[in-house]
Amino acid sequence: MQLLRSYYPKSKFLAVVQCLSLAVITASPVLADPAEKKELFSGYGVNKSVSSAEASKAAGASIITIATKTLVPAESEEAFAKNLKQLKASTLPILASNSFIRPKHLRCVGEKANHDEVLKWAEVVFSRIKQVNGKMVIFGSGGSRRLNKGWPVEKADVQFVELLKKMGPIAKKYGVTVALEQLNSGECNYINTIAEAATILRAVDHPNVRLLADLYHMAKEGDTPEDLKKAVDLLVHVEIAEKEGRTYPGVKGDDFRPFFRVLRDAGYHGAVSIEGRGKDEQLAPAIKEIKKQAAEVMAEKK
């Protein structure tokens with residue numbers, strides 16, 4: 001510094017010092033990333049109605065997932081308007097809707113597949129979830145994709161990929177994401193593992209059709225953290241419940257840390273939502289348990 005002082009006039013010396021200081025700050029590994037990630041999840045949610053939003057918020061939730069039936073997709077815009085005011089006034093932001101395709105006549109695969117009708121339904125749902133500022137529609141809907149006896153999986157795959165390829169641009173139009181969810185074989189006989197869901201999504205190859213990892217369904221099917229790792233690049237959301245009885249986290253003591261480590265290492269930035277069976281008073285301890293396990297994983301040395 002003394003050498004610089006002797007070499008430069010006073011005015012230029014001060015300017016040089018300022019430039020050098022700025023360079024040091026910019027290059028500093030400590031200050032270069034002031035938004036260093038502290039928590040694994042961006043939000044903590046629960047699948048409940050907006051009438052429960054205030055109590056869910058008090059329990060520690062920051063988002064909710066509502067049932068698609070609340071959007072009354074089979075009814076007119078006038079009918080939806082009656083629900084819209086209440087939905088928009090929710091104490092918690094609505095992240096998503098689930099139970100996407102309920103009508104029994106809507107079929108995604110099989111000899112009675114009617115994609116045109118499914119897509120009409122989907123467009124109404126996408127339009128209405130957008131109106132309540134939702135970000136995604138969760139596509140489980142086992143009834144709509146269940147395989148009838150004798151219908152080959154290979155044919156179903158072709159049909160389902162074709163449907164999602166058409167659904168993606170409609171979702172993009174409304175700025176929402178379709179989150180495909182595997183369902184355990186006790187609930188549906190098609191797309192039961194996270195690998196199967198990922199295979200479908202890679203064939204669809206659309207940014208608005210992504211993956212939901214439900215740790216309950218994964219546990220029921222024996223999916224491992226390594227299976228999640230192979231599909232994590234497609235991931236847009238995580239749902240969680242314990243394996244036995246689909247209880248809230250913390251009731252039976254399930255350890256989710258191995259899966260959380262995969263999310264941490266992949267730089268997952270999304271939220272986690274509880275979809276399970278539990279009493280209202282169990283919600284706060286459940287969210288605390290998720291946060292506890294996630295914090296322990298984030299504190300580990302990689």
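How are α7 and α8 oriented to each other? The legends below begin with this pair, as seen in a predicted model.

**View 1. Helices α7 and α8 cross in the predicted model.** Helix α7 covers residues 153-174 and helix α8 covers residues 194-204. Their axes come within 9 Å and cross at roughly 55°. The two helices are therefore oblique to each other. The crossing of α7 and α8 is right-handed.

**View 2. Residues make the contact of α7 with α8.** From α7 come D157, F160, V161, L164 and K165. From α8 come I200, A203 and V204. Sorted by type, the residues of this contact include six nonpolar and two charged, with no polar ones.

**View 3. V72 has a positive phi.** V72 sits in the loop between β2 (63-67) and α4 (77-88). The phi of V72 is near 35°, and the residue is not a glycine. V72 counts as buried because its relative accessibility is 15%, under the 20% cut-off.

**View 4. D205 also has a positive phi.** D205 is found in the loop between α8 and β6 (209-214). Here phi is near 55°, again in a residue other than glycine. The relative accessible area of D205 is 63%, so this residue is exposed.

**View 5. The whole chain gives the setting for the close-ups.** The chain has twelve helices and eight strands. It has 302 residues, of which 48% count as buried. Among contacts in the chain with a separation of 6 or more, 76% join residues 24 or more positions apart. The chain exposes about 15600 Å², and carbon and sulfur atoms supply 54% of that area.

Definitions and conventions:
Residues numbered from 1 in each chain as written. Predicted model: local features only at pLDDT ≥ 70, side-chain atom pairs only at ≥ 80, totals over all residues. Heavy atoms only, no water. Axes fitted to C-alpha atoms, helices over the stretch in contact; angles between N-to-C directions. Helix = DSSP H or I, 4+ residues; strand = E, 2+ residues; numbered from the N terminus. Parallel < 35°, antiparallel > 145°, perpendicular 65-115°, else oblique. Left-handed = near helix turned anticlockwise from the far one by under 90°. Contact = heavy atoms within 4.5 Å. Nonpolar A, V, L, I, M, F, W, Y, C, P; charged D, E, K, R; others polar. Buried < 20%, exposed > 50% of the residue type's maximum accessible area, 1.4 Å probe, protein only. Areas by Shrake-Rupley, 256 points an atom, 1.4 Å probe, with all protein chains shown as cover.
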